[in-house]
Amino acid sequence: MPDLTPSFVDSLFSLKGKTAIITGGTGVLGASMAEGLAKAGANIVILGRRENVAQQVASTLTSFGIKTLAVQADVLDEGQLKVALHRVVNTFGSVEILVNAAGGNMPKAVVTPTTEWADLDMDAYSEVINLNLQGTVLPSKIFGAAMAKQKNGVIINIASVASLLPLTQVAAYSQAKSAITNFTQWLAVEMASKYGEGIRVNAIAPGFFLAEQNRKLLLNDDGSYTARGNKAIQKTPFGRFGNPEELNGTLIWLCSNAANFVTGAVVPVDGGFTACSGV
């Protein structure tokens, strides 16, 4: 029989002493994931464009007995990311975990039932592609280089069910998230081939979770479901939206020793959405 004593479980899933950087850590999902990693023992770096907000999020995590750091940086600015890496290494000595949680959507990059694909605002389209895709690639490049020197580290990208099943209306967002899935698999092979099995790259594909970029698409002002919200619920076998903390079990597993032979995986956390044909 396997040893299921607490010490065995702790050795598999504990992140104690590791340093985790969460881009987009000031958002609903990013902040929740930062808390999950903190509870598992990791020291936390909240990276965001608004340093005061990042500081507020970071300060709430010290109650878990870990060290925190707030760093102002734009995920689309390579120079700022290099400065951020320097601060992190000077503070903690190394970086073991990167969670690419920065992302989002824009109203002008959405094709609604009353607008035409031909009229899509291409500037907004490009902004969404850049924020989600380049905003994942650049941090992976900068912080991944530090991991390559260490020959140790974990990169977790945030994909989407839209990576696996293109969603109507959210054109740019779906296409960017689909590219993140491809990038995750590509980078997993690249890092393992050149630097060994100590560096793993995986992705989480959340289903429908309420966040800043989709709240108005899914909920009316009175809290009732929009027509789109109803469609999402009807195709989710659990019959509800996800709670942010429900991403943390998968996140901790992928960051921990329990996933030592897992790389290039895209794990749906979606209440069954991608398993449901709707029939």
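Q: How do the residues in the lining of the second largest pocket divide by type?
A: They divide into six nonpolar, one polar and three charged, where Ala, Val, Leu, Ile, Met, Phe, Trp, Tyr, Cys and Pro count as nonpolar, Asp, Glu, Lys and Arg as charged, and the others, Gly among them, as polar. This is a predicted model, in which local features need pLDDT of at least 70 and side-chain atom pairs pLDDT 80 or more, while totals for chains, interfaces and linings use all residues. Residues are numbered from 1 along each chain as its sequence is written, and side-chain values use heavy atoms, leaving out hydrogens and water.

Q: Which residues line that second largest pocket?
A: The lining is made up of Leu 165, Pro 166, Leu 167, Thr 168, Phe 208, Arg 228, Lys 231, Ala 232, Lys 235 and Phe 273.

Q: Switching topic, how many aromatic pairs does the structure hold?
A: It holds three, a pair being two rings of Phe, Tyr or Trp (its six-membered ring) with centres within 6.5 Å, called stacked with planes under 30 degrees apart, edge-to-face over 60 and tilted for the rest. Phe 183 and Trp 186 form a stacked pair, because their ring centres are 6.5 Å apart and their planes lie at 20°.

Q: Where do Phe 183 and Trp 186 lie?
A: Both belong to helix α7 (residues 171-195), where they are three residues apart, about one turn of the helix; helices (H or I, at least four residues) and strands (E, at least two) are DSSP runs numbered from the N terminus.

Q: And what about Phe 208 and Phe 273?
A: Phe 208 and Phe 273 make an edge-to-face pair, 5.2 Å centre to centre with 65° between the planes. This pair links distant parts of the chain, 65 residues apart, with Phe 208 in the loop between β6 (199-206) and α8 (215-218) and Phe 273 in the segment after β7 (266-269).

Q: Are Phe 208 and Phe 273 buried or exposed?
A: Phe 208 counts as buried because its relative accessibility is 14%, and Phe 273 is buried too, at 5%, with buried meaning under 20% relative accessible area, exposed over 50% and partly exposed in between (1.4 Å probe, protein chains only).

Q: What about β6, which residues are on its two faces?
A: Ile 199, Val 201, Ala 203 and Ala 205 are on one side, with Arg 200, Asn 202, Ile 204 and Pro 206 on the other, and all of them are buried. In β7, by contrast, Val 267 and Val 269 form a covered face, whereas Val 266 and Pro 268 form an uncovered one.

Terms used
1 Å grid on protein atoms, 1.4 Å probe; cavity = no way out; pocket = protein on both sides within 12 Å on 5 of 7 lines; lining within 4 Å.
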